[in-house]
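Thank you all for coming; I would like to take a few minutes to go through one model together. Please have the sequence and the coordinates open while I talk.

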Amino acid sequence: MTRPTPKVGTSQLGVGYWGRDPSTHVEALQTAERVLALNYDKVRAMGLPFRLWTRVNDTFGNTRIKQCSCWNDTAKQSDAPCYSCYGNRYIPGFLKFNYITTFYSSIDTDLTLTNVVPEKTVTPFRLTLAPNAVQGTIITPPFLVPRVVLGQWESHLDAYSRDPLNIITSEWTVDGGVTWQPTSLLGSSPQYNPRAGATMQFKITLYRPTLQTKPPLFEIFRARFPYVPAFRIRAAPTPGTPFYHNDDCLPGEILILRTWEQERFRREPSGVRTETEGYRYWTIPLNYFNHEIDRETPKAALGRDHFLEEARGPETGARYIATKHDYSRTFKIFTRQDFNLRRIIGDHNDRLTGEALMRVW
Ligand SMILES: [Zn+2]
């Protein structure tokens, strides 16, 4: 399947204003369009796929996004080890690009709890078994799948077993709880991949064998599906080329290109020393990977609210923050963004950029 090279939308060209020299103006716009089209082609032909996440730094009027119970109003800080907000104040902390995520945390008030009570001695708050119960359940409110599902569902549970005999299970239903399936099956085949219009619910069951056994703890459950399709980026495989050159750009991924290694010269008594500053990377505005984004808004730009993850090859899973951004505009049209990638190390000494970001699901 081929995909036409996206063109610049004419609605954004300032129709009606032609300045003093109409022909120069039209030529300028055509130049910008050519630059953009060429950049699209380069990224399509040679880009490397990276998964992208976006920080949730506001509630955006979404009632499910809540300030996390770990947020300390005095210190203006979250708990770095928090799985509910990933040290990021707002639950769920980060969202995978081009996915719709539904999430249920221990502080949600619309959960149906049976033999389950809040545990508020430490933050973030969790849910646990009532003192007189060996088994209890958490059932989420109905979730109506709001869009066409263009890929596989994924789900993730953050809960803690505090005794080897604790059992924690998670299940889902699309028939109001008549039949429940383990979440390990969710997305595993078309039969287990709920479609637009389905009404889903999730159930977490906590179990301990005796009242004397320490009970398990529930923190947060997340499930998500892609609403933007994968697309073919290259022609048929060529023998001898790295396998990712022949792969699709999967949902949640963007394509980026590496340019050159930056060098910094430092004068020392023994002479001039060169230090590598890492590679420079670039990509096109993000609206290419999600047509609902307006190219001329901050949403089309990679920035401080994003992190990237290597999607193919030996370093799959390595995470990076983009720094030293440089946004190119050709005659007022956003055509290209350049940046450095700083590898995130999951070191406990590096609270802000490390530990929490390496945990994000
Ligand atoms: Zn938190």
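Let me begin with burial: a residue is called buried if 20 or more other C-beta atoms lie within 10 Å of its own, exposed if 12 or fewer do, and partly exposed in between, with the C-beta atoms placed from the backbone. On that definition, 31% of the 361 residues of the protein chain count as buried. Residues are numbered from 1 along each chain as its sequence is written.

A word on confidence, then. The pLDDT is the predictor's confidence in each residue, on a scale from 0 to 100; the protein chain averages 85, and 82% of the residues score at least 70. Over residues 8-15 the pLDDT is below 50, and this stretch has 6 contacts in the model beyond near neighbours in sequence, where two residues are in contact if their C-beta atoms, placed from the backbone, lie within 7 Å. Residues 241-246 also have a pLDDT below 50, with 9 contacts beyond near neighbours in sequence. Where pLDDT is low, the predicted coordinates should not be read in detail.

Now to the secondary structure. Helices (H or I, at least four residues) and strands (E, at least two) are taken as DSSP runs and numbered from the N terminus, and the protein chain has 2 helices and 22 strands. Among contacts between residues at least 6 apart in sequence, 63% join residues at least 24 apart.

Because 6 of its 8 residues are buried, β1 is largely enclosed by the rest of the structure. Two strands are said to pair if DSSP finds at least two bridges between them, and β1 pairs with strand β20 (residues 306-310) in the antiparallel sense over 5 bridges. Within that pairing, Glu309 in β20 is the bridge partner of Arg51. Strand β1 is also joined to β4 by 3 bridges, again running antiparallel, and here Arg55 stands opposite Phe94 in β4.

Is Asn98 buried or exposed? Asn98 is buried, because 25 other C-beta atoms lie within 10 Å. Leaving aside neighbours within four places in sequence, Asn98 is in contact with Pro226, Tyr227, Val228, Pro251, Gly252, Phe289 and Asn290. The C-alpha atoms of Asn98 and Ile254, which are 156 residues apart along the chain, are separated by 9.9 Å.

Pro226 and Pro251 come up again with Gly151, whose contacts outside four places in sequence are Phe225, Pro226, Ala230 and Pro251. Gly151 lies in the loop between β10 (143-144) and β11 (154-160), and counts as partly exposed because 19 other C-beta atoms lie within 10 Å. From C-alpha to C-alpha, Gly151 and Pro190 are 9.5 Å apart in space and 39 residues apart in sequence.

Strand β21 (residues 319-330) and strand β22 (333-343) pair in the antiparallel sense over 9 bridges, with Ser328 standing opposite Arg336 in β22. There are 2 residues between the strands, and in this hairpin Phe331 takes a positive phi near 50 degrees. Phe331 has 15 C-beta neighbours inside 10 Å and therefore counts as partly exposed. Lys324, within β21, likewise has a positive phi, of about 50 degrees, although it is not a glycine. With 13 C-beta neighbours inside 10 Å, Lys324 is partly exposed.

Note on methods
Predicted model: local features only at pLDDT ≥ 70, side-chain atom pairs only at ≥ 80, totals over all residues.
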